[in-house]
Each structure stands twice: as C-alpha cells, then as structure tokens.
Amino acid sequence: MNTYLRQSICLIVGLTLLFLLYMNVWGNTEMMTVPIVVSAVFQLVACIAYAFVWKAVAASSSESLPTLYMTASGCRMFAGIVTVLAYCFASDDKAAIRFFVIAFLIYYFIILIYDTAYFMKVEKKIRKNA
C-alpha cells in the first residue's frame, strides 16, 4: 500500500507540475488554476481512498481483490463523471469547461493506466506466490 500511495502521489504531483509549467508559459492562469487544482485533488482523494480500501480488503479477504479493482474503478469513474458535470453546470465559460474536461481526462487516464499496470503487477506476484 505504501508503494502504491507514494508512486501515485508522485505521479499526481508530476502531472500538476507539468500543468503549472504549461499554464505559466502558454496559458491563461485564471482559467486554468481551478481545473488543475480540482483534478489533482480529485485524484489524490481517489488514490488515498483506494489504498485504504485495498488494505482493508487484502487483510480480510484477499480473494476479493479482483472484485475490488473493478468496483473501485467503477466508483472512480462515477465520481469523475459527477465532478465533471458539476463543473459544467457551475461554469458558463465554454473555454474553461473545455480546459477542465481536458485536464481532468488527462489526470484520469494517466492514473487509470498507472493503476491498471500496478495492480496487474500485484496480481501476478500474488498468483506466482500461490
């Protein structure tokens, strides 16, 4: 769990730093600040929650881990859709909405790819030791 959290946080911080660099060099800082902050905080909360639930499920019933991976991904997707829709309803600026959706999706898909690779590696290790 600690490795997952450490790597996830480093990945989110790295993405945020890249977005901030982009924002300062080429972008409109007023329009880009909120999407970057919301996207980063969403992914941090999701990764931390995922890690604690994973630890609890692994301790109680390791056979349920594949179900956890599917359920957690579905919950993250649902929460992400709700977050994007809430921002779309709260903002009137089409350019800001477009940037929010793009930034959110970049964070979402990079973390999704990382989670998939990480948990495939964990599952292979579990199956190898079993």
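**The cavity and the helices beside it**

Reply: The structure holds 1 cavity of 30 Å³ or more, a cavity being a set of points on a 1 Å grid over the protein atoms alone where a 1.4 Å probe fits but cannot get out. This is a predicted model, in which local features need pLDDT of at least 70 and side-chain atom pairs count only at pLDDT 80 or more, while totals for chains, interfaces and linings use all residues. Residues are numbered from 1 along each chain, and side-chain values use heavy atoms, with hydrogens and water left out.

The largest cavity contains about 60 Å³ of space (the volume filled by probe spheres set on the points, which are joined across faces, edges and corners). Its lining, meaning residues with an atom within 4 Å of a point, consists of Y50, A72, S73, R76, Y108, L112 and D115. By class, that lining has 4 nonpolar, 1 polar and 2 charged residues (Ala, Val, Leu, Ile, Met, Phe, Trp, Tyr, Cys and Pro count as nonpolar, Asp, Glu, Lys and Arg as charged, and the others as polar). Helix 3 and helix 4 (94-129) each supply at least two of the lining residues, helices being DSSP runs of H or I with at least four residues.

Helix 3 (residues 65-90) also packs against helix 2 (residues 29-60), at an angle of about 160 degrees and with the axes 11 Å apart (axes are lines fitted to C-alpha atoms over the stretch in contact, and angles run from 0 to 180 degrees between N-to-C directions). The two helices are therefore roughly antiparallel, a word used for angles over 145 degrees.

Conventions:
Angles under 35 degrees count as roughly parallel, over 145 as roughly antiparallel, 65 to 115 as roughly perpendicular and the rest as oblique. On a 1 Å grid over the protein atoms alone, a cavity is a set of points where a 1.4 Å probe fits but cannot get out, and a pocket is an open set with protein on both sides within 12 Å along at least five of seven lines; lining residues have an atom within 4 Å of a point.
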